[in-house]
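These are my notebook entries on one chain and its two ligands. I set down what I looked up, entry by entry.

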Amino acid sequence: MPKVLISDSMDPKAAEIFRANGIEVDEKPGLSKDELKAIIGDYDGLAIRSATKVTKELLEAATNLKVVGRAGIGVDNVDIPAASAKGVVVMNTPFGNSITTAEHAIALMFAVARELPQADVSTQSGKWEKNRFMGVELTGKTLGLIGAGNIGSIVAERALGLRMRVIAYDPFLTPERAIDLGVEKVALADLLARADFITLHTPLTDQTRNVLSRENLARTKKGVRIVNCARGGLIDEVALKEALESGHVAGAALDVFVEEPAKANPLFGTPGFIATPHLGASTTEAQVNVAIQVAEQMSDYLMTGGVTNALNMPSLSAEEAPKLKPYMELAQQLGSLIGQLVGRHITNVAIEVEGAAADLNPKPITGAVLAGLMRVYSDTVNMVNAPFLAKARGLDVREVRHDREGDYHTLVRVTANTPDGPKSVAGTLFGNAKPRLVEMLGMGIETELFGEMIYIANDDAPGFIGRLGSTLGEAAINIGTFQLGRRSAGGEAVLLLSVDHHVDRGLLERIKALPGVREVKPLRF
Ligand SMILES: NC(=O)c1ccc[n+]([C@@H]2O[C@H](COP(=O)([O-])OP(=O)(O)OC[C@H]3O[C@@H](n4cnc5c(N)ncnc54)[C@H](O)[C@@H]3O)[C@@H](O)[C@H]2O)c1
Ligand SMILES: O=C(O)[C@H](O)COP(=O)(O)O
């Protein structure tokens with residue numbers, strides 16, 4: 001039974017769903033880094049929010065981990081390249097808390113426009129500072145959105161309802177989408193110069209880090225008010241403090257900080273500054289949404305292989321997964337066979353599908369071929385890390401889909417280009433379920449690929465099979481299956497035999513020494 005650890009506080013619905021899916025679950029929010037590292041090896045899945053840091057070091061200790069599920073959007077607390085290299089799927093719930101976070105941004109915009117938190121503290125301390133708190137209206141003001149994705153779009157819609165004018169800087173926003181949203185797409189410099197309010201809704205990346213840098217803050221309109229419900233690190237906090245103190249920035253409301261938990265921060269105590277402790281997603285509705293989604297997605301993956309909202313693997317729905325499963329098994333076997341036949345000499349690989357296979361999502365098939373192929377480099381390779389490993393090795397991968405149907409109702413062919421020319425293997429499914437090799441190096445041969453096998457290329461000549469049988473018999477090696485393919489009578493032939501025992505180097509040398517043998521390789525599936 002797979003085991004999942006929930007290491008951040010999460011709605012109880014998550015644990016209920018894991019249990020209902022037959023998954024054992026432990027809820028241990030608030031563990032220290034070392035405590036988490038000490039137990040992570042026991043778990044197949046890790047469900048987190050933003051507090052748990054999934055570092056390379058933690059992943060190294062996570063010897064059984066298959067999936068990290070983020071109940072929320074931002075995954076900057078997960079080392080995705082390290083997870084991918086380890087073959088761990090990372091998934092998030094990209095929509096579950098968008099409305100809630102957009103509402104928090106709007107709430108902070110009002111709060112900063114009318115200094116609501118400051119007025120609350122003053123009033124409750126017995127002062128009646130009616131003249132101190134002179135705010136501004138939102139109506140008619142220009143709101144500058146930096147990032148117009150899921151959350152930014154909802155903020156835009158709400159702001160238009162408040163009769164604001166909305167301009168947006170987002171290099172990936174298409175002109176059509178901007179028209180749909182009712183926003184004006186602008187360059188960053190234009191946004192900085194024109195916005196009365198700026199709200200940030202981008203992930204933290206190398207391109208967005210410090211997007212409100214000291215220089216860019218200086219380019220903003222005097223009296224601008226700034227809201228950040230996206231990520232700390234998008235704004236230079238020290239420069240923002242100075243801009244608030246000088247009065248260039250009239251107010252700023254931040255939900256997120258460079259360092260979290262933000263127990264101390266240069267901005268704390270600065271006039272015009274409002275802080276919330278990363279509450280953007282903290283509503284009952286959003287937390288129920290993301291808990292349900294993450295538990296369902298992780299359960300699908302652990303129990304059926306279905307993949308939804310993964311950041312390092314193509315999606316595979318729970319409906320597709322059972323249909324694709326035998327294909328992935330076949331694809332992995334073909335990749336493994338070609339890898340074992342040609343070793344590390346492959347420069348590029350083509351994965352062709354025809355017949356029924358051509359109607360399927362090709363990505364999982366490609367991933368499975370690469371997972372088999374890349375075994376020549378690493379024993380720990382799987383569908384998640386194989387494409388990354390292939391890329392790192394400079395392997396060029398091509399997917400080809402044929403509409404034609406050949407001799408088989410469904411076929412997957414893998415062709416590797418090597419310095420000795422192209423080498424290919426092909427397989428089908430018997431009864432839509434059982435993988436079978438049907439072609440090898442241009443010759444028809446029909447066999448299952450399993451356990452320990454021996455591949456022999458030889459000259460098709462009388463007496464060879466008898467001599468091979470005797471050689472194996474003398475070594476007490478029992479033959480399980482025996483399949484022969486040949487290009488033409490008396491020409492080049494291939495043999496694939498499964499054996500019940502491990503074949504040592506000495507025996508392989510004796511087979512190689514038999515008359516007519518061109519090549520011998522042990523295979524393992
Ligand atoms: N405070 C919270 O509790 C909270 C809650 C939810 C999400 N978030 C954060 O909000 C952010 C946005 O979430 P989302 O769901 O809208 O994400 P999204 O992926 O839907 O949208 C992000 C947008 O940023 C744009 N973008 C990317 N690079 C950019 C750049 N260099 N300049 C300008 N725009 C750029 C993208 O094109 C995209 O449209 C994420 O960082 C997420 O982690 C915070
Ligand atoms: O990216 C997100 O989804 C938010 O930052 C929410 O973070 P949280 O789950 O820690 O509240």
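How far apart do the C-alpha centres of domain 1 and domain 2 lie? I found them 31 Å apart, in a model that is predicted. I then looked up the contact between these two domains, and it takes six residues from domain 1 and six residues from domain 2. On the side of domain 1 that touches domain 2, I noted three nonpolar residues, one polar residue and two charged residues.

Entry: domain bounds.
I took the bounds from the domain assignment of the chain. Domain 1 is written in two segments, 3-95 and 285-304, and domain 2 covers 98-275.

Entry: the UniProt record.
UniProt places "domain: D-isomer specific 2-hydroxyacid dehydrogenase catalytic" at residues 4-312. I read 38% helix and 16% strand over residues 4-312, with the end C-alpha atoms 20 Å apart. The record lists "domain: D-3-phosphoglycerate dehydrogenase ASB" for residues 323-440. In residues 323-440 I read 33% helix and 35% strand, and the end C-alpha atoms are separated by 25 Å. The feature "domain: ACT" is listed by UniProt for residues 459-515. This span is 33% helix and 30% strand, and its end C-alpha atoms lie 9 Å apart.

Entry: the chain as a whole.
I noted 17 helices and 22 strands in the chain. Its radius of gyration is 30 Å, whereas a compact globule of 525 residues would have a value near 24 Å. Along the principal axes, the C-alpha atoms fill a box of roughly 110 × 45 × 35 Å. Of the 525 residues, 42% are buried. Among contacts with a separation of 6 or more, 65% are between residues 24 or more positions apart.

Entry: ligand 1.
I looked up the shell around ligand 1 and found 29 residues in it. Those that come nearest are Gly 74, Gly 149, Ile 151, Phe 172 and Gly 280. Which helix gives the most to this shell? I found that α7 does, with three residues. Both α5 (98-114) and α7 (150-161) supply at least two residues each. By class, I recorded twelve nonpolar, 14 polar and three charged residues around ligand 1.

Entry: ligand 2.
I then listed the residues around ligand 2. They are Arg 49, Ser 50, Gly 72, Ile 73, Gly 74, Asn 97, His 278, Gly 280, Ala 281 and Ser 282. By class, this shell holds two nonpolar, seven polar and one charged residue. I noted that Gly 74 and Gly 280 belong to the shell of ligand 2 and are also among the residues that come nearest to ligand 1.

Entry: Val 186.
I located Val 186 in the loop between β8 (184-185) and α9 (188-194). Is this residue buried or exposed? I record Val 186 as buried, because 20 other C-beta atoms lie within 10 Å. Leaving out residues up to four places away in sequence, Val 186 touches Ile 167, Ala 168, Tyr 169 and Leu 191. I also looked up Ile 146, which is 40 residues from Val 186 along the chain, and the two C-alpha atoms are separated by 9.9 Å.

Entry: backbone exceptions.
I searched next for departures from the general rule. Most residues other than glycine have a negative phi, and most peptide bonds are trans. A cis peptide bond joins Glu 260 and Pro 261, with omega about -5°. I placed Pro 261 in the loop between β11 (249-254) and β12 (273-275).

Arg 163 has a positive phi, near 70°, and is in the loop between α7 and β7 (165-169). I count Arg 163 as exposed, because there are 11 C-beta neighbours inside 10 Å. Asn 309 also has a positive phi, near 55°, and I found Asn 309 in the loop between α12 (284-304) and α13 (320-342). With 18 other C-beta atoms within 10 Å, Asn 309 is partly exposed.

Terms used: Residues numbered from 1 in each chain as written. Chains lettered and ligands numbered in written order. Predicted model: local features only at pLDDT ≥ 70, side-chain atom pairs only at ≥ 80, totals over all residues. UniProt positions renumbered as here; feature names shortened; annotations may be inferred. Helix = DSSP H or I, 4+ residues; strand = E, 2+ residues; numbered from the N terminus. Rg over C-alpha atoms; globule rule 2.2 N^0.38 Å. Buried ≥ 20, exposed ≤ 12 C-beta atoms within 10 Å, placed from the backbone. Contact = placed C-beta atoms within 7 Å. Near = placed C-beta within 6 Å. Nonpolar A, V, L, I, M, F, W, Y, C, P; charged D, E, K, R; others polar. Domains from an automatic or database assignment.
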